[in-house]
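Trainee: I would like a close look at one part of this structure, the aromatic rings. Please take me through how they pair.

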Amino acid sequence: MPGLVDVHTHFMPERVLHKVWAYFDGLGPLTGGIEWPITYREEEAERAALLRAFGVRAFTAMLYPHKPGMARWLNGWAAGFARRTPDCLHTSTFFPEPGAAAYVREALEHGTRVFKAHVQVGGYDPADEALDACWGLLAEAGAPVVVHCGSGPAPGRHTGPGPMARVLARHPRLRLIVAHLGMPEYEDFLDLAERYAEVRLDTTMAFTGFSERMAPFPRRALPRLAALGDRVLLGTDFPNIPYPYAHQLDALAELALGDDWLRAVCHDNAARLFGLPDTPEPPA
């Protein structure tokens, strides 16, 4: 295996990231009141170097707005980060506001490879008509979008499978990547992946000791996850994790779903999705 591809890592302007860390430190609603010590508080360049040292050959800069007027600014920062960090997959975001479709189109034209949406933090309904043109553009472009739409670690007004199911009913070709395997509504989001061929799931924090205490993955659903082996992607939430990076990898290996499944999840599926070189074809 040439390395890892991590589709769920966070790089954002330092003052924004420090506010995110302060939020976790303060045991806010996003943490569900659970202590969440951030493991990797290094400076930006050191964090990128750490990922490379872990064997990650490509990663993302997941960022997300929580109010109008923020997304375009974040996208500008992310474009600069991608230019100075060639192993980062150029990431952008959006928010339900006037002009959202225009800056999503602009981001696509400027080389964005993946988008991030956070329904919980943004506090919006992903099926809001203000976002319909954005989803349409992303579906037409075949651009993957990682969406935190599950109700973990604490439910929001628009979390859960229902709102994203309404989006997919309108845009069935959308390349949706469900963050955290849809925690804790794992089986509901597996239903969506089985119904829509372009729906994928990322493993972020799933199966770790931390998450298993809060929202254990139902073992009866493991055969379904194994059967979707070509549409499950490695995600970790680095650097915003309360344990070492390797723990996510150990947790996946301990599922004992086979070397082929693990290799596909940790590298091949995302490498194929993003057209990275030296990517093997999926087995017949």
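Mentor: What follows goes through the aromatic pairs of this model. The model is predicted. A search of the whole structure finds 15 aromatic pairs. A pair of aromatic rings is described by the distance of the centres and the angle of the planes.

Take Phe24 and Trp36. Their ring centres are 4.7 Å apart and their planes meet at 50°, so this pair is tilted. The label follows because planes under 30 degrees apart count as stacked and those over 60 as edge-to-face, with the rest called tilted. Phe24 belongs to helix H1, which covers residues 14–25, while Trp36 is in the loop between H1 and helix H2 (44–53); the pair therefore ties together parts 12 residues apart in sequence. Buried means under 20% relative accessible area. Phe24 has a relative accessible area of 7%, so Phe24 is buried. Trp36 is at 5% relative accessibility and therefore also counts as buried.

Phe94 and Phe115 make another tilted pair, with 6.2 Å from centre to centre and 50° between the planes. Phe94 sits in the loop between strand S4 (91–93) and helix H4 (100–109), and Phe115 sits in strand S5 (residues 114–118), so this pair ties together parts that are 21 residues apart in sequence. Phe94 counts as buried, because its relative accessibility is 0%. Phe115 is buried as well, with a relative accessible area of 0%.

Rings can also be grouped into clusters. Phe11, Phe59, Trp77 and Phe81 form one aromatic cluster.

Note on methods:
Residues numbered from 1 in each chain as written. Predicted model: local features only at pLDDT ≥ 70, side-chain atom pairs only at ≥ 80, totals over all residues. Heavy atoms only, no water. Phe/Tyr/Trp six-rings, centres within 6.5 Å; stacked < 30°, edge-to-face > 60°. Helix = DSSP H or I, 4+ residues; strand = E, 2+ residues; numbered from the N terminus. Buried < 20%, exposed > 50% of the residue type's maximum accessible area, 1.4 Å probe, protein only.
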